Amino acid sequence: SNSTDAGLIKADFDTWIAAQVDEVYPNWDVNATAGNAGKIQFGGGSTRYINGKGLEYNQAINKGLIGALMVDQILNNYLSTSVLDDASNRADNDADVVATDKNYTTMEHKWDEAFGYLYGTDNATDPQLGADDFLNKYLARVEDDADFEGIAQDIYDAFKFGRAAIVAKNYTVRDEQANILREKISMIIGVRAVYYLQQGKNNLATDTAAAFHDLSEGYGFIYSLQFTRKSGTNQPYFTKSEVDGFISTLMSGNGFWDATPGMLDTMSDTISAEFSFTTNEAGS
């Protein structure tokens, strides 16, 4: 709802798309070096296409959209009280007044839209994980980490119980479940941000291409931190200003070419400290 920040965020995505065309495509067959865009590959691994600072723009866009689209729409739009209770939504829900030509109330529909941004499936009773390359995929990745096993069920149950609470006109329970979703969905972003910083750190000395790929994914998840939301508040886990600070640190000098284990550990620890996990748990 902050039009100034919204404009700056949209400009970032426009810039990444334009830079892929203007910087990376012309150097598609050129070996990248510090300060020069091109391709990078190590020891028979995948070829990556990076800018002069080592960043893969496609990863910034893809992982940035997880926060700017999926997480923001779920946590800051559809599950917000201002949207759920907008206008006559609560009175209509209390009176079982359905939307025009529909069999659900507007409040039920708003909750269902939030559900769809994560699961994107018509099978609400058995949604599949890993069904897309966005938030759904990375919920599956976090669930597969033994340190976070059960998060997928926690999130599904909160959606289910919150929806049932709307049908029962119990808005206290609805809001409790929305707060659980804010915490757990935000955690997906935090965990993966730290995970990729740590994987990038581990590969720096042995496989630059793999390290830069990991750090590019980390860049996108760090960008997405500004769209998270702390339970019971209107605040993200990290503000836009704080996220911009992380990005500036990652891109200073020659960017990933200049990254050090110490810098990546410090950033990981700063992110972990805002959540209920450790860098070791998220990074392994």
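Trainee: What span does helix 5 reach from its first C-alpha to its last, and what is expected at 1.5 Å a residue?

Mentor: In this predicted model, helix 5 (residues 106-119) has 14 residues and reaches 20 Å, close to the 20 Å expected.

Trainee: What puts the buried residues of helix 5 on the same side?

Mentor: The buried residues are Met107, Glu108, Trp111, Ala114, Phe115, Leu118 and Tyr119. They cover an arc of only 125 degrees around the axis, so they are on the same side of helix 5. An α-helix has 3.6 residues a turn, so residues three or four places apart point the same way.

Trainee: What covers the buried residues of helix 5?

Mentor: The cover includes helix 2, helix 3 (81-84), helix 4 (89-94), helix 6 (135-143), helix 7 (151-167) and helix 8 (171-203).

Trainee: Why is helix 1 called roughly antiparallel to helix 2?

Mentor: The axes of helix 1 (residues 3-24) and helix 2 (residues 57-78) cross at roughly 170 degrees. Angles over 145 degrees count as roughly antiparallel, so helix 1 is roughly antiparallel to helix 2. The two axes also come within 10 Å.

Trainee: Which classes of residue make up the contact of helix 1 with helix 2?

Mentor: Ten residues are nonpolar, two polar and one charged. Among those in contact are Phe13, Trp16 and Glu23 in helix 1, and Tyr57, Gly64 and Leu65 in helix 2.

Trainee: Why do the buried residues of helix 10 line one face?

Mentor: Lys240, Val243, Phe246, Ile247, Leu250 and Met251 are buried in helix 10. Seen down the axis, they fall within an arc of 125 degrees, so they line one face of the helix. They pack against helix 1, helix 8, helix 9 (208-224) and helix 11 (261-272).

Note on methods. Residues are numbered from 1 along each chain as its sequence is written. This is a predicted model: local features need pLDDT of at least 70, side-chain atom pairs count only at pLDDT 80 or more; totals for chains, interfaces and linings use all residues. Side-chain values use heavy atoms; hydrogens and water are left out. Axes are lines fitted to C-alpha atoms, for helices over the stretch in contact, and angles run from 0 to 180 degrees between N-to-C directions. Helices (H or I, at least four residues) and strands (E, at least two) are DSSP runs, numbered from the N terminus. Angles under 35 degrees count as roughly parallel, over 145 as roughly antiparallel, 65 to 115 as roughly perpendicular and the rest as oblique. Contact means heavy atoms within 4.5 Å. Ala, Val, Leu, Ile, Met, Phe, Trp, Tyr, Cys and Pro count as nonpolar, Asp, Glu, Lys and Arg as charged, and the others, Gly among them, as polar. The expected span of a helix is 1.5 Å times one less than its number of residues. Buried means under 20% relative accessible area, exposed over 50%, partly exposed in between (1.4 Å probe, protein chains only). The arc is that of the directions from the helix axis to the C-beta atoms.
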